[in-house]
Structure formats: structure tokens, C-alpha cells
Amino acid sequence: MQPESLRARHVAIIMDGNGRWAKRRHLPRVVGHQRGVEAVRRLVRSLKDGDLECLTLYAFSSENWKRPEDEVSALMDMLRKFIRSDLEEFIENGVRLAIIGDYQVLAPDIVDLLEDALARTAGGTRTVAVALNYGSQQEIARAARLAAAEGEITPEAIERHLFTRDLPPLDLLIRTSGEVRLSNFLLWQCAYAEMAFTDVLWPDFTPQHLAEALDDFATRERRYGGR
Ligand code: IPE
Ligand code: IPE
Ligand code: MG
């Protein structure tokens, strides 16, 4: 039996299209990324008005290291600035930061900032999980290794070792910018997640777009293989 309307607990977003947003305006890519950070800020601020428990944001993939060095370092700099400028607001708004991905290999000062932010937001009641140096295949391989070391490799044992182990099950995955692929994001967790693809470029994505995606999600019928 399916409830009348579904409420999503956990939404994940592949925030794509910053480069194309800038290109269309004949601006440097970095400006697109800056406007992308503003879209993140708007969305995180809007969480206090809704009932979403967890928002997971794909910020930097394990493959994004292939980009030119100046773009990678600009992205890392924006991450530093964002944590410094927004941490207090996270705390005030009861937002708990989580990180998925192998973030310990980032620059030591970023690791320190992130770990301080994790500790200081630990009491928050809604989670914003940021995917940093995240690759889903790597995550699954790591979880399988850890599960094997403990005994059997079962789906349950793997789940206990995924970066998302403390997050609610994924309900809805959104990707912006018109691309229809997962780009190594949450492959395991998407097993029965609903999907939403929009042509909106990430810097243009607003809380209203999220609300619309949640309204659409509420009308879906999830079957999980049953009938
Ligand atoms: C997403 O925007 C941001 C990151 C991957 C960090 P892109 O930079 O991928 O933008 P497009 O896809 O080139 O438009
Ligand atoms: C996925 O976007 C990664 C993030 C949004 C952080 P990409 O722009 O890197 O993905 P591809 O290369 O188009 O698949
Ligand atoms: Mg892209």
C-alpha cells in the first residue's frame, strides 16, 4: 500500500552547470562557481522552512581533479571561504554538517576547517552532507573491503560501511543542467531512489525549484519491486 502523498526525508543534488552558466554570459568559469556557492547558500537557508531531514550536495568528485589546476584551486578556495563565512549560520539554524568522500586528502588547512565545522555543528537537527573528493565506486569498494575484513560481504554489511551510513535512505536524486547521468554519485544509494532531471543550470536553482521537485516526488508511486 502506498501512502497518499510521499514526504522525502533525504534529497541529493548533482549541482551541475556552473561552467555553462558562465559561458552563456561570457564570464569566467569561476564566476559560475561563485554563483553556484550562492545557490547552495540559498538552499541551505531554506531548509529551516521545510521538513527535509537531509540534503546531500555533490560539490567535488574524485574525477574533478582532472580539471585544470587553476579551476581546482579556485574551487578549494571557495570551499575555505564558504566554511569560514557560513559556519556560524549553520550552527544558528541547527544545520549539522556531514561529509561524504575521502576528504582527508584535501589541503591540511581545509581538513582542519572541515573537522572543526563537523564538531561544532554536531548538535544540529537537519543534515547538510557535502560530497568532497567523492566517488561512489571507490566508496563501494572501500565498504566491501571493510565488510570482508569483518566477515561476510552482504548488502547490509556494505551499507554499514558506506559514507552515508548515518544518513536517512535516499529518496530523491536531482541533477541540474540537463545531463542525464550519475557521474559516479551515490550509485548504491540510488538503487530505489526517485530521479529528477532539470535543465536549470545550478547557479539558477532556487528553493522554489527544490519545492517543485518535492511536490512532484510526493505524487510518485514507489514499488521497490513489489506490486
Ligand atoms: C558543476 O559545474 C560544479 C562542479 C563540478 C564542481 P561544472 O563546472 O561541471 O559546469 P559545466 O558542467 O561545465 O557547465
Ligand atoms: C558531477 O559533475 C560532479 C559535481 C557536480 C561535483 P561533472 O560536471 O563533474 O560531471 P560530468 O563530467 O559531466 O559527468
Ligand atoms: Mg559539469
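How do the residues of the shell around ligand 2 divide into nonpolar, polar and charged? They divide into five nonpolar, two polar and four charged, where Ala, Val, Leu, Ile, Met, Phe, Trp, Tyr, Cys and Pro count as nonpolar, Asp, Glu, Lys and Arg as charged, and the others, Gly among them, as polar.

## Basis

This is a predicted model, in which local features need pLDDT of at least 70 and side-chain atom pairs count only at pLDDT 80 or more, while totals for chains, interfaces and linings use all residues. Residues are numbered from 1 along each chain as its sequence is written, chains are lettered from A and ligands numbered from 1 in the order in which they are written, and side-chain values use heavy atoms, with hydrogens and water left out.

## Ligand 2

The shell consists of Ile 14, Met 15, Asp 16, Tyr 58, Ala 59, Phe 60, Asn 64, Arg 67, Arg 175, Arg 181 and Ser 183; a residue belongs to a shell if one of its heavy atoms lies within 4 Å of the ligand. Strand E2, residues 54-61, gives the most to this shell, with three residues. Helices (H or I, at least four residues) and strands (E, at least two) are DSSP runs, numbered from the N terminus.

The side chain of Arg 181 has an N or O atom 2.8 Å from a ligand 2 oxygen. For Asp 16 the distance is 3.2 Å, and for Arg 67 it is 3.2 Å. Of the 390 Å² of accessible area that ligand 2 has on its own, the protein covers 77% (Shrake-Rupley method, 1.4 Å probe; for residues, only the protein chains shown count as cover).

## Ligand 1

Among the residues around ligand 1 are Met 15, Asp 16, Gly 17, Asn 18, Arg 20, Arg 29 and His 33. By class, this shell has three nonpolar, five polar and four charged residues. Helix H1 (18-24) and helix H2 (29-46) each supply at least two of its residues, and H1 has the largest share, three residues.

For Arg 20, the distance from a side-chain N or O atom to a ligand 1 oxygen is 2.7 Å. Ligand 1 taken alone exposes 380 Å², of which the protein buries 86%.

## Salt bridges

The structure holds 21 salt bridges (a side-chain nitrogen of Lys or Arg within 4 Å of a carboxyl oxygen of Asp or Glu). One of them joins Glu 38 and Arg 35, with the closest N and O atoms 3.7 Å apart. Both residues lie in helix H2, three residues apart, about one turn of the helix. Side chains of opposite charge can pair when their charged atoms come close.

Note on methods: Polar contact = N/O pair within 3.5 Å; in protein donor to acceptor, adjacent residues only side chain to side chain.
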